[in-house]
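Hi,

Here is the structure I promised to pass on.

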Amino acid sequence: MIDKLQTAIEAGQNAGASYIEARGEDGFIEFIKMDDGRINALTQRIERGVAIRVLVDGAWGFVSTGNLADMEQAVVDACSMAKAAAATRREPIELVEIKPHESKLTTNVELDPRHVPIEEKIEYMSKLTKHVQNYDKRITAVTVSIRTSSVTKYLLTSDGTNLQSSGILVWVYPWATGKEGTRLTTARYEEASSKQGWEYMNKFATPEYIGEKVAERVTLQLEGVSPKAGSYPCIFGPRVIGILAHEALGHLSEADLNVNSAFNGKVGEVVAAEGVNMTDDGTLEGLMGTSKFDDEGVPTSRVEIIKDSVLVELLTNREYAQKLGYRPTGSARAESYLYPPIIRMRNTYIEPGDMSDEELFEGIDFGYYCADFRAGQAQMNASFQVGIQEAYEIVNGELGRSLTDMSISGIATDSLFKITGISKENLEWEVGRCGKGQEAFIGSGGPKVRFAKGGITFGGSS
Amino acid sequence: MVSPSEEVARRKKKVDEKQLLDLCKHIISFGKNREADSIEVRAIYESELETVVRMGQVNSVNMTTGTQIAIRLYLGKRMGSAFTNLYTKEAVEEAVEMALAAARATTEDHEWIALPYPSKYAAIDGIWDGSIVSADSAKIVEMTTSLLGEVTKAEPSIIPAFGSSGAGYTYSAYANSNGVEHCERNSAGYTVIQSVAKTETGMTPSVGSYDIQRGLEVDTQSVVRDNVEMIRICMKTANGKTGKYPVIFHPNAYSQLMQFTLVPSISGENVTRGKSKIGDMIGQQIANEFVTIYDDGTDPRGINTSIADDEGVARQKTTIIENGVLRSFIWDTYWANRNGLKSTGNASRNMRQGLVQISPSTAVIEPGTRDVSELIKEIDYGYYIRNVQGAHSSNPESGDFSIVGNPAILIENGEMVGAVQGLMISGNIFDLLKQVKEISSTTRILVSIIGPDIAFDDVNVISKE
């Protein structure tokens, strides 16, 4: 693979490219889906492919191909395509200079999922299914999906970067349906590791643990009451404040989105209430968004997006770092060789504050506590929406009835100013998958955070 | 430097659908020799050339080409599958061995009956335009710069944040051990823009507009007109009110909502597994009487239209709701067989995961008689929802939703006044179907839906305080 990528670099230099990036992948990937105990998909695949990206006359050309014999032609095509774009540009794209790195990174796992027998994986899924089914007789359908992969990635650039890294993924995703009378509802759960092998499923994400997580959410939905629509004081738990950090401001701190967003031009300005600190960190040990280098060969880093309530830094790649005069933050990520790298979050979180959990709940006569979410989405005008799958009423400072099918929304430029308390206890993380045109595994989290009335709008039928 | 014609020539010389079908037949033969009792293969070759717009300029031209070969086989009633992106005899034979190993390791599916049998295919004109194969980067860059130039000329305040023009085509083949053999080709050319503009207090929501055809003759003018009209409205801001109001949904908005609420309930799998709220309501009134919706995989206007679905079953037109009455669900072969029914040609295969799922082709909603502008004129106070946020966080089984309209336009005294930020809409899809007040005649042809703007009564609206 390295020889072929080196051939691509040389072909690009001969074709006049000012920068050539050749990424290769060689991997074993597995997907298994079980519906109510029936195997619905059991696919193993060997995937090999290359992504070539060139900068010619100040524009990009990108070619993805599975045909490794076509390497030189792919490079020549990419150069031709870049030239066509370059002819229309008002100013050339330039890249911030970086120190090239050479490194061979390996992952030390106890059990490479590739070598774990299929039978063991099916047994894991069967146990999980049974655990969910046995949790409550109202649970009527259970789907379990798992993904594993062992992939070696290569990155060579004309700047001298030469990286090889082996990566692991184990991922489990159960989805359960509950029914009582005419009432039908559903919940999901998700855990994954890119730092441990199948041992993660044996030791942490066990069928019992994962099964209980999803089953209890379904039963809470079945027993929940409809939320009242409107705005109320509320507290978000770590899983929800994490997704809020990701959706409400995280995306708009990605430099490629920021330039067209409601946060454009706000670097250096106060964008949140006093005491709010929000960080994206690609260096935190053991989390899903962590890696040593990004897919442009830039070391990952800790980015203090909001520090002491001021927007201080954006997430960048080499192109936007040069354009905006910022440092490259190691945030360029590509799902696979099928895609070019784009700016993505890694592990995004609200930093702990100075209140106890008990103090957060004090003084809320009526409000909501949101513990877990279904999915979320952000928009350029800072509007965000998150569907909630586990929530409770807060009545006189105490947790009350569970709620069903709640959804929250707000305008980040307003909502961040309505934060009135951040817990100093229990910073927790959750695993997520972000879909900005490509899939990226991310971490998000935080401690419990309180918002005043007017900060968050609750959608509901009551 | 390579010339555009050389670039095109190289794209053209890849495999075609007949070669893919030959490969499928080789895999079937190899699998049977290796003692697979039943085996099916779908192989595709895809080529896509597209521009990427960033900050109002063409940032990149991207090309993705490649083969995908998905194999699914049975040993008795034990299923295994495999995938390879490598178009070589050795790679596909290795993939068959992996699928066999998977089948040996798994458990029996006692409900599995058979792979599809041969069906009669209808001739569908207009799903292939050979000019797509001749598109080169110069052509799609020119399409893009034309779009960018026209849109900023029409409205100088517009910021074309993202956009793309592209030309893509797919050669596909399917064969199985029951004698099904099919191959076809499909093409698409498109141009798309997502714009924003500054407002007094911030930024408008992004407004997306596009046109997609089988060839490169896209209607740039209509894309520009649509985008500019909506951005101009969004540049004015308005305040909303909480309550129950008339709401008109653009098909962009309700198609997303339907995808995550109604569509799961018409899937034969979910009906069988007790996950559909309308699973026992065939023949019953579930929508207002002037609502007729069908799934049509044969309508040449639909970009998802093809001769066969992803398991080689002929596409067809299936009436889902007729005059408000639920008439049918949609099926693939597996779930249809389990219920003693025939597939409706709605199998969709995730090639890399080996997952066959039931999926709509193109939803077609029968139009009414009046233009949407007439419907807007009659609203004293209400909203026009151009797009939504968070449809994917709806409850797919209960049909409950709570989403943000974005852009959400306030209508006052029959006029669109301006965009309301943070306007939520909540309800249940099965209630909403009964709240349809009128279906306009303004049919829009989108990727997954051909439908007009629809007016609803008494929709729950929650305005940000």
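I'll start with a hairpin in chain A: S18(A) and S19(A) have two residues between the strands, and A:Asn396 there takes a positive phi near 50 degrees. Before going further, some housekeeping. This is a predicted model, so local features need pLDDT of at least 70 and side-chain atom pairs count only at pLDDT 80 or more, while totals for chains, interfaces and linings use all residues. Residues are numbered from 1 along each chain as its sequence is written, and chains are lettered from A and ligands numbered from 1 in the order in which they are written. Helices (H or I, at least four residues) and strands (E, at least two) are DSSP runs, numbered from the N terminus. Strands count as paired if DSSP finds at least two bridges between them.

**Around S18 of chain A**

S18(A) is joined to strand S19 (residues 398-403) of chain A by four bridges, running antiparallel, and A:Ile394 sits opposite A:Leu399. S18(A) also pairs with strand S17 (residues 366-378) of chain A, again antiparallel, through 11 bridges; there A:Cys370 has A:Ala391 as its bridge partner. S17(A) and S18(A) make a hairpin too, with four residues between them, and A:Ala382 in the turn has a positive phi of about 75 degrees. A further antiparallel partner of S18(A) is strand S20 (residues 406-411) of chain A, over six bridges, with A:Gly387 opposite A:Ser407.

How enclosed is strand S18 (residues 383-395) of chain A? 12 of its 13 residues are buried, so the strand is largely enclosed by the rest of the structure. Buried here takes 20 or more other C-beta atoms within 10 Å of the residue's own, exposed takes 12 or fewer, and partly exposed is in between, with C-beta atoms placed from the backbone.

Most residues other than glycine have a negative phi, and most peptide bonds are trans. Some exceptions to look at:

- A:Ser309 has a positive phi of about 75 degrees although it is not a glycine. It lies in the loop between strand S12 (302-307) and strand S13 (310-311) of chain A, and is partly exposed, with 19 other C-beta atoms within 10 Å.
- A:Asn426 has a positive phi near 50 degrees. Its loop runs between strand S21 (419-422) and strand S22 (428-435) of chain A, and with 13 C-beta neighbours inside 10 Å it counts as partly exposed.
- B:Asn406 and B:Pro407 are joined by a cis peptide bond, with omega about 5 degrees. B:Pro407 is in the loop between strand S17 (400-405) and strand S18 (408-412) of chain B.

Six strands of chain A form an open sheet with mixed pairing, in the order S13-S12-S11-S16-S23-S22. S13 and S22 of chain A are the edge strands, each pairing on one side only. Within the sheet, strand S11 (residues 278-281) and strand S16 (residues 347-350) of chain A pair antiparallel over three bridges, and A:Asp280 stands opposite A:Thr348.

Elsewhere, helix H1 (residues 2-14) and helix H2 (residues 71-86) of chain A pack at an angle of about 40 degrees, with their axes 9 Å apart. (Axes are lines fitted to C-alpha atoms, for helices over the stretch in contact, and angles run from 0 to 180 degrees between N-to-C directions; residues are in contact if their C-beta atoms, placed from the backbone, lie within 7 Å.) On the H1(A) side the contact uses A:Lys4, A:Thr7, A:Ala8, A:Ala11 and A:Gly12, and on the H2(A) side A:Met71, A:Glu72, A:Val75, A:Val76 and A:Cys79.

**Between the chains**

How many residues does each chain bring to the contact? Chain A contributes 83 residues and chain B 76 residues. On the chain B side, strand S2 (residues 57-75) of chain B gives the largest share, 11 residues.

**A helix in chain B**

Finally, in H5(B) the buried residues include B:Val223, B:Val224, B:Asn227 and B:Val228. The buried residues of H5(B) pack against helix H4 (137-154), strand S5 (181-196), strand S6 (207-213), S18 and strand S19 (415-420) of chain B.

Cheers

Terms used
Two residues are in contact if their C-beta atoms, placed from the backbone, lie within 7 Å.
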